[in-house]
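Thanks for coming, everyone. I would like to take a few minutes to walk through one model, with the cut-offs stated as we go.

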Amino acid sequence: DYSPHAFWHNPSCMLSNRLVSRSFLFVCVIGCAVLSGSAQQTVVPTVTFTCDFPGSEPDHYVISVADDGAATYDSTSKLSSESDAEDSFHSDFSVSQAARARIFDLAKRSHYFQGNIDSKNKKLASTGTKVLTYKDAQKNTRATYNYSPVPSVQELTTFFQGLSTTLEFGHRIGYDLRYQKLALDDELKKMEEMSHSGGLEEISAVAPVLQKIVDDPAVINLVRGRAQRLLQAAGSPGK
């Protein structure tokens with residue numbers, strides 16, 4: 001009897017169906033495990049630095065740098081001392097290979113921020129609440145501090161502070177280029193001075209806005225010259 005009714009009520013057919021069902025379930029479980037493992041393996045190692053310092057500019061910022069060079073910056077600050085309102089700023093950029101290697105080497109030397117890295121010296125003046133975070137497929141660690149006696153943490157902090165300064169310059173000159181070109185000279189002069197003193201990191205992160213200044217015929221030559229010199233310092237010759 002080959003009727004459907006006979007097929008589903010035949011013990012051997014029912015056993016076969018159970019085996020198929022179990023095999024299918026097994027394949028699904030294995031497949032999910034493989035996909036889950038792949039997802040874990042594709043976590044890009046990332047170092048994140050957060051600083052909250054009320055009364056400073058910016059009073060809050062977060063920098064995240066991934067091992068593939070992709071980076072983001074978010075901050076809250078005033079565009080000028082005369083401004084009452086705070087402005088939220090976001091930037092996606094890339095860090096150089098040298099900077100990327102430096103950041104992750106310092107994170108490794110800092111034991112990926114596991115344990116206490118703060119000096120715990122209450123006599124030290126507050127320079128803002130800082131948080132360093134490291135994340136990859138196996139680790140997710142973070143440490144909070146005001147001042148750290150760990151040399152590698154100190155170096156990493158100085159680097160991220162310099163990077164924030166660079167990006168905030170980019171934020172302000174981008175605003176000036178659009179709304180108040182006459183303010184560009186003073187801002188770029190300050191930026192050049194900080195570049196010469198070593199207070200900036202990764203000027204290439206703001207190269208696009210510097211290039212716009214160089215290319216804008218409505219900007220006076222003195223200012224365009226400053227922007228071009230900064231591009232050269234960043235490793236980009238400009239036009």
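This is a predicted model: local features need pLDDT of at least 70, side-chain atom pairs count only at pLDDT 80 or more; totals for chains, interfaces and linings use all residues.

Residues are numbered from 1 along each chain as its sequence is written, and side-chain values use heavy atoms, with hydrogens and water left out.

On the layout, the chain comes to seven helices and six strands, where helices (H or I, at least four residues) and strands (E, at least two) are DSSP runs numbered from the N terminus. Read from the N terminus, the order of elements is α-α-β-β-β-β-α-β-β-α-α-α-α. Of the 239 residues in the chain, 37% are buried, and the accessibility classes are buried under 20% relative accessible area, exposed over 50% and partly exposed in between, with a 1.4 Å probe and protein chains only. Taking a contact as heavy atoms within 4.5 Å, residues 24 or more positions apart account for 55% of the contacts in the chain with a separation of 6 or more.

Now the aromatic rings. Rings of Phe, Tyr and Trp (its six-membered ring) pair if their centres lie within 6.5 Å, and planes under 30 degrees apart count as stacked, over 60 as edge-to-face and the rest as tilted. By that rule there are eight aromatic pairs. Take Tyr61 and Tyr73, whose ring centres are 6.0 Å apart with the planes at 40°, so this pair is tilted. Tyr61 belongs to strand E2 (residues 60-66) and Tyr73 to strand E3 (residues 70-77), so the pair ties together parts twelve residues apart in sequence. Are these two tyrosines buried or exposed? Tyr61 counts as buried at 5% relative accessibility, and Tyr73 counts as buried at 0%. Tyr73 also pairs with Phe89, this time edge-to-face, at 6.0 Å centre to centre and 65° between the planes. Because Phe89 lies in strand E4 (residues 87-94) and Tyr73 in strand E3, that pair ties together parts 16 residues apart in sequence.

Lys139 lies over Tyr112, at 4.7 Å from the ring centre, and Arg172 lies over Phe169, at 4.7 Å from the ring centre.

Tyr112 brings us to the backbone. Most residues other than glycine have a negative phi, and most peptide bonds are trans. Tyr112, however, has a positive phi near 55°, and Phe113 has a positive phi near 65°. The peptide bond from Glu57 to Pro58 is cis, with omega near -5°, and Pro58 sits in the loop between strand E1 (46-52) and E2.

Next, a helix pair: helix H6 (residues 207-215) and helix H7 (residues 221-233) pack at an angle of about 145°, with their axes 8 Å apart. Axes here are lines fitted to C-alpha atoms, for helices over the stretch in contact, and angles run from 0 to 180 degrees between N-to-C directions. Residues making the contact include Leu210 and Val214 of H6, and Ala227 and Leu231 of H7.

Ser91, in strand E4, is buried at 13% and is in contact with Ala71, Thr72, Tyr73 and Leu167. Glu192, in helix H5 (residues 184-197), is buried at 7%, and it is in contact with Arg226, Arg229 and Leu230. Ala234, in the segment after H7, is partly exposed at 23% and touches Ile203 and Ser204; its C-alpha atom is separated by 7.4 Å from that of Ala207, 27 residues apart along the chain.

How values were computed: A charge sits over a ring if NZ of Lys or CZ of Arg is within 6 Å of the ring centre and within 35 degrees of the ring normal. Lists of a residue's contacts leave out its neighbours within four places in sequence.
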